[in-house]
Amino acid sequence: MSYPNSMATMSNTLETDLQTLQQEAEKEITAVDSLEALEQLRINYLGKKGKLSQILRGMGKLSAEERPRVGSLANEVKESLQSHLDNQRNSLETAKLKAQLAAETLDVTMPGVSRPLGRLHPLNSTVDRVLDIFVGLGYQVATGPHIETDYYNFEALNIPPDHPARDMQDTFFLTENVLMRTHTSPVQIRYMETHEPPIRIVAPGRVYRRDTVDATHSAVFHQVEILAVDKGLTFTDLKGTIKEFLTQMFGEELPVKFRASYFPFTEPSAEVDVQWKGKWLEVMGCGMVDPNVLKAVGYDPEVYTGFAAGLGIERFAMVLHQIDDIRRLYNSDIRFLSQF
Ligand code: DAH
């Protein structure tokens, strides 16, 4: 057997090599199962130093007639490989997405993770309601220290050292003259000392007494103090203000009774009862500011008059929420607190 020239053998070899390469590559490409491995195959076959380039390097030795034939076969192989690679990439990507979607499926029937919302303690929400009402009436919120001197807690409020009213407000003395305040009334004095009339303040806070704890008593409790001082204020202003406050607090106009009483820092003094659920409930103390109190802060009682009132927050919270024992308000039982 004779060949026209040795180049014929060369071109046949190249063509066989190309066909073998195509078969091998296509088999491998269809079998590959990851995008990374697929990319590696692309580099191995079609990359600059890949197998196809290696075969094509032999083309230089071909004759001018053979070169286009082998060249066009090489192009066909290249295109076919490229399209196999593309197809395989598409199906691998689709499979990957499907797997991801399956893994991330949200089961809306699973029980949720509940995060209970916090809420205000009934004492705080009661204080807030009282303050809201008075702020609505034009009052400003004021506060004072829990540790007081005898002067602010008693003397300036017209309660001299041997006054019997001190017996009802026995407290914790830190030194002979310094004590835990027994009521929020000292805020009246502190505020008037640093301000000039007209004054309208509402002062919430914690107070302390040497009381034995039972269902209605606690050694630590909360009050709100109310004070208005101006020219020409009368008992009518006091009554109107208290009635308006109680109407807003209880949500309706209820029968209100002003019962004559005694407080050293007011003259005249009264206790306020509200008819609620068929009973008279004592809800607060009040009165016209005693001239001696006005004098203690340097106001002229001939020019200014005022009224004051004080109420216990625990008492209001217990009445409004029908709580039977004051101690429930302090022992942080979540089953109790979550009702409000
Ligand atoms: N400070 C009084 C107490 O703790 C309550 C009180 C009564 C306050 C009459 C007042 C008032 O401002 O006018 O028992």
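I began with Glu267, and found this residue partly exposed at a relative accessible area of 48%; buried means under 20%, exposed over 50%, and partly exposed in between, using a 1.4 Å probe and protein chains only. A reminder to myself: this is a predicted model, where local features need pLDDT of at least 70, side-chain atom pairs count only at pLDDT 80 or more, and totals for chains, interfaces and linings use all residues. Residues are numbered from 1 along each chain as its sequence is written, and side-chain values use heavy atoms, with hydrogens and water left out.

I then looked up the record: an unreviewed UniProt entry has a "binding site" annotation covering Glu267, and such annotations may be inferred rather than shown by experiment. I placed Glu267 in strand β7, residues 266-276. Setting aside neighbours within four places in sequence, I found Glu267 in contact with Met288 and Asp290 (contact means heavy atoms within 4.5 Å).

Next I turned to the whole chain. I noted eleven helices and nine strands, which are DSSP runs (helices H or I, at least four residues; strands E, at least two). The C-alpha trace spans about 145 × 45 × 40 Å along its principal axes.

Of the contacts with a separation of 6 or more, 66% join residues 24 or more positions apart.
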